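Please look through the model shown here before reading on.

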Amino acid sequence: MSTISLPESINMHDMTEQYLFNAFAGESQAHMRYVNYADVAVKEGYPNVGLLFRAIAFAERVHASNHLERMPQKEDMFSGENPYGLGDTAENLQKGIDGETFEIEEMYPTYRKVADFQDESEAVQTFDWALRAEKIHAKMYADAKEKVEDGEDIDLEKVSICSVCGYTKKGDAPDRCPVCGAEKEEFREFE
Ligand code: FE2
Ligand code: FE2
Ligand code: FE2
């Protein structure tokens, strides 16, 4: 995972700082939820839905790590809102859709506006990268849910995730990440 060199961020605005904490908490929980949803999918006979959950879990980890890297170093914790509990795979996919949709429609657009208003460009970047990946995740989960509701696994052999920004793509990694410009070597493949 790549790291960026940061300016001293001890003077970050309170609102942006709080939102970075919130987003870190939310992405961390999304990572763990998806890892567990993958286990349920495999048990229920949907190995490729399991692969999808594991790959997207890694993208959420990238988002969490990016947010974490940009947080000022001091004590403070806020809880993110997230749906808890394990359902069957169709229910878990719906929980995934709900969480991603909240991030797409409310959380990241709002966080991004505040960070932009406060001229926190590093925070704008990490919120923006996450927002762009969440849109792809929501669509992938929605497509998978349709299949699973018919009792079918999805058609999926490989998912490539950009380890810099979390960009998510079915199949092979592109030569360059269309979101952050990272080289092919920065992608992690799940198969
Ligand atoms: Fe995310
Ligand atoms: Fe996501
Ligand atoms: Fe990227």
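1. A residue is called buried when its relative accessible area is under 20%, exposed when over 50%, and partly exposed in between, with a 1.4 Å probe and protein chains only. By this rule, both E27 and E134 are buried.

2. This is a predicted model, in which local features need pLDDT of at least 70 and side-chain atom pairs count only at pLDDT 80 or more, while totals for chains, interfaces and linings use all residues. Residues are numbered from 1 along each chain as its sequence is written, chains are lettered from A and ligands numbered from 1 in the order in which they are written, and side-chain values use heavy atoms, with hydrogens and water left out.

3. The iron ion (ligand 1) is coordinated by E27 (OE), E27 (OE), E60 (OE), H63 (ND1) and E134 (OE), at 2.0 to 2.6 Å. Donors here are N, O and S atoms within 2.8 Å of the metal (3.2 Å for Na, K and Ca), and since water is not among the atoms, sites may look incomplete.

4. E100 counts as buried because its relative accessibility is 1%.

5. E60 bridges the iron ion (ligand 1) and the iron ion (ligand 2), which lie 3.6 Å apart.
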